[in-house]
Amino acid sequence: MGTTLTKKELNSVFWRHYQILGCYSYDKQQGIPYLRAMLPALQKLYPEQDQLIAAMKRHNTMFNTTCAFVPFCLGISCAMEEEYANDTTNQFNPDSIGAVKIALMGPLAGIGDSFFWGTFRLIACGVGAPLAAEGNVLGVILYLLLNLIPSTLTRWYGFKLGYNGGRQFLARIQADGTLAKLTESAKVLAMVVIGGMIPQIVKFPLSLTLEMGGGTFVLADVLNGIMPNLLPLLLSLFVYKLLMKGTKVNYIIFGLLGFGILMTLIGIM
């Protein structure tokens, strides 16, 4: 008889997600609060200390998405951890747990930001702001309700959908041998998501121009002609290598800050 998560652990995981921005860091973003939210489930599934430590390491990684969709990811993570903890065939690859989580965060962030920041918030402001400007407290109440109701419903039912749907889906694909293919596909998709975020997040603006032979040499145009966003990619790979060597994040941050100031002072950036 395997270990099954009860309402006690699941409810604890759900309520803890409201602190998803409580320990936001540069390197892991929402990763540490995500791990904290998962702890009740992990402690129930892995009573042995070495297994619990391994599970905690799986979730102590970078994660970031729209807050309203975090419970959906947590539900899927709980379902996958439960499946792995009860796996007696050694066919479940635990790497797929983190890969699926990372693959989901990008698309969910795009959808969530569009709805919750670009739609519901604007509607709430349009309805509540005129009333609030007239001194009517109903404007504040309507603003809060129009923001909180869609978000709360998405969080609650998203968590249930992620956990219940994830269990059924995992049982089906494990039975027909699709799980191994899904694991590999999730890893590839996760790397694509992370790679696609580089030109959006990492900026390396060059301002160096030289007058040569009656023409203007623009270094940024030359590098983009070789490969668009080449410098952000190289910088990301360099930082990744430093992280893999164990360099402290604060050292990297202050190093990049100093590098940016120096390049700006000499006119390259």
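Buried residues make up 36% of the 269 residues in the chain. The model is a predicted one.

Visitor: What makes up the chain, in helices and strands?

Guide: The chain has 10 helices and two strands. Along the sequence their order is α-α-α-α-α-α-α-β-β-α-α-α.

Visitor: Why is Q29 called buried?
Guide: Buried means under 20% relative accessible area. Q29 has a relative accessibility of 16%, so Q29 counts as buried. Q29 lies in the loop between α1 and α2. Its phi is near 55 degrees, a positive value in a residue other than glycine.

Visitor: Why is I268 called partly exposed?
Guide: I268 has a relative accessibility of 24%, so I268 counts as partly exposed. I268 is in the segment after α10. From I268 to T209 the C-alpha distance is 8.5 Å, and the two are 59 residues apart in sequence.

Visitor: Which residues of helix α1 are buried, and what puts them on the same side?
Guide: In α1, which spans residues 7-16, the buried residues are E9, L10, V13 and F14. They cover an arc of only 135 degrees around the axis, and therefore sit on the same side of α1. The face turned away from that buried side carries K7, K8 and W15, which are exposed.

Visitor: What puts the buried residues of α3 on the same side?
Guide: The buried residues in α3 are L52, A55, R58 and H59. Their arc around the axis is only 115 degrees, so they are on the same side of α3. Exposed residues Q49, D50 and K57 are on the face of α3 turned away from its buried side.

Visitor: Why is α2 called roughly antiparallel to α3?
Guide: The two helices, α2 and α3 (residues 49-59), pack at an angle of about 150 degrees, with axes 9 Å apart. Angles over 145 degrees count as roughly antiparallel, so α2 is roughly antiparallel to α3. Their crossing is right-handed.

Visitor: Which residues meet where α2 packs on α3, and of what class are they?
Guide: From α2 come G31, Y34, L35, M38, L39, L42 and Q43, and from α3 come L52, A55, M56 and H59. Eight of the residues in this contact are nonpolar, three are polar and none is charged.

Visitor: Why is α2 called roughly parallel to α4?
Guide: α2 and α4 pack at an angle of about 25 degrees, and their axes are 10 Å apart. Angles under 35 degrees count as roughly parallel, so α2 is roughly parallel to α4. This crossing is right-handed.

Visitor: Which residues of α2 and α4 meet?
Guide: On the α2 side they are Y34, A37, M38, A41, L42 and L45; on the α4 side they are V70, C73, L74, S77, C78, E81, E82 and A85. The contact of α2 with α4 has 11 nonpolar residues, one polar and two charged.

Visitor: Where is F72, and which residues is F72 in contact with beyond its neighbours in sequence?
Guide: F72 is in helix α4, residues 70-85. Leaving aside neighbours within four places in sequence, F72 is in contact with L104, L108, G158, F159, L161 and G162. F72 and F159 are 87 residues apart along the chain, yet their C-alpha atoms are separated by 4.4 Å.

Visitor: What share of the contacts with a separation of 6 or more comes from residues 24 or more positions apart?
Guide: Such residues account for 71% of those contacts in the chain.

Visitor: Why is α9 called roughly antiparallel to α10?
Guide: The axes of α9 (residues 230-244) and α10 (residues 249-265) cross at roughly 150 degrees and come within 10 Å. The cut-off for roughly antiparallel is over 145 degrees, so α9 is roughly antiparallel to α10. α9 passes α10 in a right-handed crossing.

Visitor: Which residues make the contact of α9 with α10, and what is their class?
Guide: L235, V239, L242 and L243 in α9 meet V249, I252 and L256 in α10. By class there are seven nonpolar residues, no polar ones and no charged ones.

Terms used:
Residues are numbered from 1 along each chain as its sequence is written. This is a predicted model: local features need pLDDT of at least 70, side-chain atom pairs count only at pLDDT 80 or more; totals for chains, interfaces and linings use all residues. Side-chain values use heavy atoms; hydrogens and water are left out. Buried means under 20% relative accessible area, exposed over 50%, partly exposed in between (1.4 Å probe, protein chains only). Helices (H or I, at least four residues) and strands (E, at least two) are DSSP runs, numbered from the N terminus. The arc is that of the directions from the helix axis to the C-beta atoms. Axes are lines fitted to C-alpha atoms, for helices over the stretch in contact, and angles run from 0 to 180 degrees between N-to-C directions. Angles under 35 degrees count as roughly parallel, over 145 as roughly antiparallel, 65 to 115 as roughly perpendicular and the rest as oblique. A crossing is left-handed if the near helix is turned anticlockwise from the far one by less than a right angle, and right-handed if clockwise. Contact means heavy atoms within 4.5 Å. Ala, Val, Leu, Ile, Met, Phe, Trp, Tyr, Cys and Pro count as nonpolar, Asp, Glu, Lys and Arg as charged, and the others, Gly among them, as polar.
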